[in-house]
Amino acid sequence: MSEESGFEAIPIGMEMGPLEMTLDEDTVASRLELIQWENREPVDKYGVTPPGITINQHARIKFMAWPDLSASIWAKSEHEFLKPMKVGSRIFIRCKIIDKYVKRGRNYLVSECETVDEAGEVLLRSRETSVYVK
Amino acid sequence: MTGVTKPVRTGEEIPSLTKTAYYPIDPDARNVIHTDDYARDLGMRGALVGGSTLLSYVLGMLYNYFGQKWLYHGKISVSFIGGGVVNGDVVTSHGLVTAIEPEEGGTRLKLDVWMENQDGAKIVVGEASCIR
């Protein structure tokens with residue numbers, strides 16, 4: 001499959017996920033170390049994760065959906081934080097392709113992702129534009 | 001303690017946050033933009049630090065400023081420009097208050113946010129807002 005056909009084969013409206021994730025202490029600690037998060041207040045005082053520590057999972061969902069995807073490079077990233085994510089809780093991330101286009105020879109995908117808790121409450125809404133590279 | 005506690009005016013810059021960028025290099029990374037060979041083939045200086053990691057640095061600055069309110073009312077929109085960030089780059093996140101608007105539940109501060117590297121080149125630019 002060529003790069004064009006791989007990109008062209010992705011339908012607008014395609015849904016990906018849900019990706020289930022448990023925000024246990026080890027998972028949170030590992031992510032905080034990776035991003036050099038120093039402010040202990042959210043975890044120690046409020047028992048919640050710092051903002052955005054699950055956003056890297058959005059790319060993971062795409063790689064799971066498209067085995068021939070080699071690289072996904074963010075061009076634009078928008079996020080609305082609605083409710084904290086509790087340490088120890090389970091979350092579910094669902095994404096959907098809402099647009100795609102070609103600009104200056106590059107293939108762009110626009111996706112929306114929603115992160116919900118076990119009760120189905122939306123915690124985070126995201127819209128991301130990324131370059132699709134086979 | 002984090003969170004806005006003093007009066008704020010438009011034109012004010014919030015406290016910046018500097019990090020030495022780091023992303024674990026895995027030659028077998030699924031996203032090959034995080035491998036040296038592929039990134040250099042694209043003309044980059046080396047494996048790129050992940051965009052979500054750079055975003056986390058900006059979010060760190062915003063959480064330090066807005067505190068818990070960011071987790072309920074924070075909005076951010078950023079674009080990634082320039083040649084990206086590689087391990088060892090010293091990057092600083094900035095935020096400048098551009099508007100203060102009344103909103104149900106408080107006052108929403110709007111900011112221009114950006115990240116620049118040790119050479120002063122902007123690599124992330126965008127906007128953020130949060131109720132204070």
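**View 1. B:Gly95 stands opposite B:Val113 in β4(B).** The two strands here, β3 (residues 90–103) and β4 (residues 106–116) of chain B, run antiparallel and are joined by 11 bridges, where strands are DSSP runs of E with at least two residues, numbered from the N terminus, and two strands pair if DSSP finds at least two bridges between them. β3(B) and β4(B) form a hairpin with 2 residues between them, and B:Gly105 in the turn has a positive phi of about 95 degrees. This is a predicted model, in which local features need pLDDT of at least 70 and side-chain atom pairs count only at pLDDT 80 or more, while totals for chains, interfaces and linings use all residues. Residues are numbered from 1 along each chain as its sequence is written, and chains are lettered from A in the order in which they are written.

**View 2. Strand β1 (residues 13–20) of chain B pairs with β3(B) in the antiparallel sense.** The pairing extends over 6 bridges, and within it B:Thr18 stands opposite B:Thr92 in β3(B).

**View 3. Chain A touches chain B through 30 residues of chain A and 28 residues of chain B.** Two residues are in contact if their C-beta atoms, placed from the backbone, lie within 7 Å. On the side of chain A that touches chain B, β2(A) gives the most, with 11 residues. β2(A) is joined by 5 bridges to strand β2 (residues 75–80) of chain B, and these strands run antiparallel; the bridge partner of A:Ser77 in β2(B) is B:Val78.

**View 4. B:Leu54 touches B:Val49, B:Val85, B:Met115 and B:Val124, not counting residues up to four places away in sequence.**

Terms used:
Helices (H or I, at least four residues) and strands (E, at least two) are DSSP runs, numbered from the N terminus.
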